[in-house]
Amino acid sequence: MEYTLEEKYRLIRNAVISLNSKNPIEIVKSVMHEDFVNIHGPEHHFLDGAAFMVAYKNSGGDIDLDKAIDILAERTAKMPGAMCGYWGMCGSVASVAAVLAIIHEVTPLSSSSYYAEDMEFASSVIKKMSEIGGPRCCKRNAFLSLSSGAKFIKEKYGVEMELSNIECEFSSWNKQCIGTRCPF
């Protein structure tokens, strides 16, 4: 079945909002197996941040989840597909960084340390992705963004999400899989 991006966002929101897991990888993987999530695609821009946001809330993070997830959907809907190749910025990283900005109410005019810390997070994950290289893989980049985000908020803000060993279950579906170059 074909879905519009708007339909995918609604289905993703419904899939993650009631999950109780504190593990963003577990959350994202459970939704990645749904038929409305392609192996690659802009739906990951919302899915990855939404999984992170739900795990953050479930781990004791202070956030109005219903309001925040709607803000995330609005922001990520503006991100084009194939950002990684055409813009040099992974949509998954931008999504998780958007969650950090939403949590701390960062705006373009913010002078708080959160502004710089959001940039610090994004640049550190982009650096890791640059060391691995391409071609694209929305699953690999999600795992990198989410695991790095979980470590980042534990170090910076004391909110501890659960993380387990990450193994990719999607390589056989990805025609561009980099195999042993992938950390997962």
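**Asp70 and Arg13.** I looked up the side chains of Asp70 and Arg13 and found them joined in a salt bridge, 2.9 Å from N to O. I count a salt bridge when a side-chain nitrogen of Lys or Arg lies within 4 Å of a carboxyl oxygen of Asp or Glu. This pair links distant parts of the chain: Asp70 sits in helix α4, Arg13 in helix α1, 57 residues apart. Helices here are DSSP runs (H or I, at least four residues), numbered from the N terminus. Asp70 is partly exposed at 40% relative accessibility. My cut-offs: buried is under 20% relative accessible area, exposed is over 50%, partly exposed is in between (1.4 Å probe, protein chains only).

**Ground rules.** The model is predicted, so I take local features at pLDDT of at least 70 and side-chain atom pairs at pLDDT 80 or more, while totals for chains, interfaces and linings use all residues. Residues are numbered from 1 along each chain as its sequence is written, and side-chain values use heavy atoms, without hydrogens and water.

**Asp66.** I then checked Arg13 against Asp66. They form a salt bridge too, with the closest N and O atoms 3.5 Å apart. Again distant parts of the chain are linked: Arg13 in α1 and Asp66 in α4 are 53 residues apart. Asp66 is partly exposed, with a relative accessible area of 45%.

**Glu120 and Lys156.** I found a salt bridge between these side chains at 3.3 Å, N to O. Glu120 is in helix α7 (residues 113-132) and Lys156 in helix α8 (residues 138-157), 36 residues apart. Glu120 is partly exposed at 38%, and Lys156 is partly exposed at 35%. Shared partners join Arg13, Asp66 and Asp70 into one network. My count of salt bridges comes to seven.

**Helix α1.** I checked its length. I listed its buried residues: Lys8, Tyr9, Ile12 and Val16.

**His44.** Is His44 buried or exposed? It is buried, with a relative accessible area of 1%. His44 lies in helix α3 (residues 43-58). Leaving out residues up to four places away in sequence, His44 touches Met32, Val37, Asn38, Ile39, Cys138 and Lys139. Contact means heavy atoms within 4.5 Å.

Definitions and conventions. Helix = DSSP H or I, 4+ residues; strand = E, 2+ residues; numbered from the N terminus.
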